[in-house]
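Have the sequence and the 3D view open as you read.

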Amino acid sequence: MTDTPILDVRDLRVDIPLSRGTVHAVDGASFALRPGEALGLVGESGSGKSMTLRAILGLLPNPGRIVSGEVLFEGQDLASASAGRLREVRGASIGMIFQEPMTALNPVMRVGDQIAEGPLAHLGQSRSQARARALELMRKVGIPDPERRSHAYPHELSGGMRQRVMIAIALACEPRLMLCDEPTTALDVTIQDQILKLLLAMRRDFGVSVVFVTHDLAVVAQTCERVAVMYAGQVVETGTVEEVFRAPRHPYTLGLLRSVPRFDLKRQSLDSIPGQPPDLVLPPPGCRFHPRCRFAQDDCLTGEFPLRPLGAGSGRATACIHDDVCVADVSRNPVIANA
Amino acid sequence: MPEAPLLEVRDMRMQFVLSDSMLRRARRVTPEVLRAVDGVDLQIARGEALGLVGESGCGKSTLGRCIVGLYEPTGGEIRYEGEQLPVRRSRSQRRRMQMVFQDPYSSLNPRMTVRQVLSELLRVHNMVPRKAVDERCRELIDLVGLGPRALDAHPRNFSGGQRQRVSIARALALEPELLVADEPVSALDVSVQATVLNLLDDLRSKLGLTMLFIAHNMAVVRHVCDRVAVMYLGRIVETAPTEELFSNPRHPYTQGLLKAVPRLVPGHQSEAAAMEGDPPSPINVPSGCRFHTRCPIAQEVCHTDDPTLAANGGPHLAACHFAWTTAPPAHVPEVIAEAEAADASADPA
């Protein structure tokens, strides 16, 4: 049972037709999430991580659409599901947390009512039941004085409190999967720390599986068991956080890890990845990372570079065909010192 | 101190009056006052890179803007090379302090090419003879690592990192002595962040710049700065040389800030949050020590007495009643100790 993934995204493709051409925002992304697990989806801006998350729920911005691929949630394909079916799933079995609580929350509705909306709509609870549920959730997510705060409007709350409200809304129907899109990016580091700790506690208490989209590798290190690294619309490396962070097998992952200003290491010149992410209207042929890759060789310039499993059944995979160069590089100079 | 600091700020205050109106005045309702900067003393030595960190709303950007003269402070004084700067600064006084802003998307004029931006500055300030303006533009754009073709492009043609390079070139056009960089990399992706940070570091050694580096990311500050000042609700609560601050933080706020930074090393996590609660509003600053509402070691005295920045016979200052009397409290991040151990093991490599 534990081996059947709760979410299985297979070869997902999302196109956004624009006047200057079609943007292949997600271009054959695949990853799986086992029940109870937290998966970090990381990459630079424009790598397609948020689009992937939105595609799962059928919340793509116009005119974006899924062109092919499957999104299997508990075995059911959401990519081809009807709008009505998606509405049943959203908020009930799958909860969502967005980056900007101020734009994601309804500004003219009291937060208590917003939390109670889910139980009212999906669980068939009465008003008083739903209200009691809202207060209970507010207490659980650490909002002081929930009786009074439930009457507040979003603008009356601080950024951290608003994000707590978002979490309460996401958890209101006891979803089995929670999708978080940069939930702490807009917050201060102290508040981010509070929210991350809260999410960890909620995962434990509710046994919910989580997909965590972020650009911050350290946040992934602290919250997720598994990680999928995205570049130019594709997943280029997956595995457990432990494996991927300590022994990356894709030059992009390695470059990202090396460019993070490290809090725990003394001052030194930072490594960086030269160049910029490719234009997704016309991505480079061959491996999409080759124009920026310091290990690129001739055979990187043409052909397809699908995820290649490393060891059967481990879920560890890389799209790089010269991944041994990363291994050699890391053995010379570890990414994380106390390996 | 062997030499007078390049810049000295004494008891600076910046208040913004909110919700004042004729009606309120007629009713004798006292206007609400937001005390963004509330008595800051700060010195920056020539050639130094000083980091200014704190949560959003602590007044760090306001302080930076007061220093370069974008705001007129409501109190205190700014001394530059020992001389007090007047409220209306002369052109040459303005020239010597320049600023790089956080958002490279809104801080460049979208209708001007890079050449127009740079040459306007060079002409207005008579930086070089008219005939040499073009040559100087090329030098500047080369200095920040962009090719000469960039000169005829508009900001919209650049990525975020490139725009930030243009902003830096603009600041450097006036050959400033002090560069105030207000969160110059927080709008950028990590891989690009690194290149801009390295550029700032190079420029600093190449041009002998003095820098005030405003940031909320402690890791970034550790990479760039010689000394760090921690700000909380309009006040500096701790300042020390960078390594000293990171290895031996004495103010409970600094300790909490450091503990809250997520680490790249997988799996280090304590259950409890590093710091509870939200920062109080700068409209309603708590009595006594302004941190006491969130402080894990607050005592009776902290509710009534406002601690001043005090040293322990060195360059390390902290504004806490217990900074130097008690051993660092038990909650001082064990992670820091571990990181130090990791440092030690990484050093020979």
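## The core

A nonpolar core is a set of buried Ala, Val, Leu, Ile, Met, Phe, Trp, Tyr and Cys residues joined through C-beta atoms within 7 Å. Buried means that 20 or more other C-beta atoms, placed from the backbone, lie within 10 Å of a residue's own.

This is a predicted model, where local features need pLDDT of at least 70 and side-chain atom pairs 80 or more, while totals for chains, interfaces and linings use all residues. Residues are numbered from 1 along each chain as written, and chains are lettered from A and ligands numbered from 1 in written order.

The largest nonpolar core has 201 residues, and Val211(A) and Phe213(B) have the most contacts inside it. Helix α7 (residues 159-171) of chain A gives the most to this core, namely eight residues. Helices here are DSSP runs of H or I, at least four residues long, numbered from the N terminus.

## Where the chains touch

Contact means C-beta atoms, placed from the backbone, within 7 Å. Chain A brings 42 residues to the contact and chain B brings 39. On chain B's side, α7 (190-207), α8 (218-224), α10 (252-260) and α12 (334-346) each supply at least two residues.

## Two helices crossing

Helix α8 (residues 189-206) of chain A packs against α10(B) at about 55°, with the axes 8 Å apart. (Axes are lines fitted to C-alpha atoms over the stretch in contact, and angles run from 0 to 180 degrees between N-to-C directions.) Val189(A), Thr190(A) and Asp193(A) meet Gly256(B), Leu257(B) and Ala260(B) there.

Definitions and conventions: Two residues are in contact if their C-beta atoms, placed from the backbone, lie within 7 Å. A residue is buried if 20 or more other C-beta atoms lie within 10 Å of its own, exposed if 12 or fewer, and partly exposed in between; C-beta atoms are placed from the backbone.
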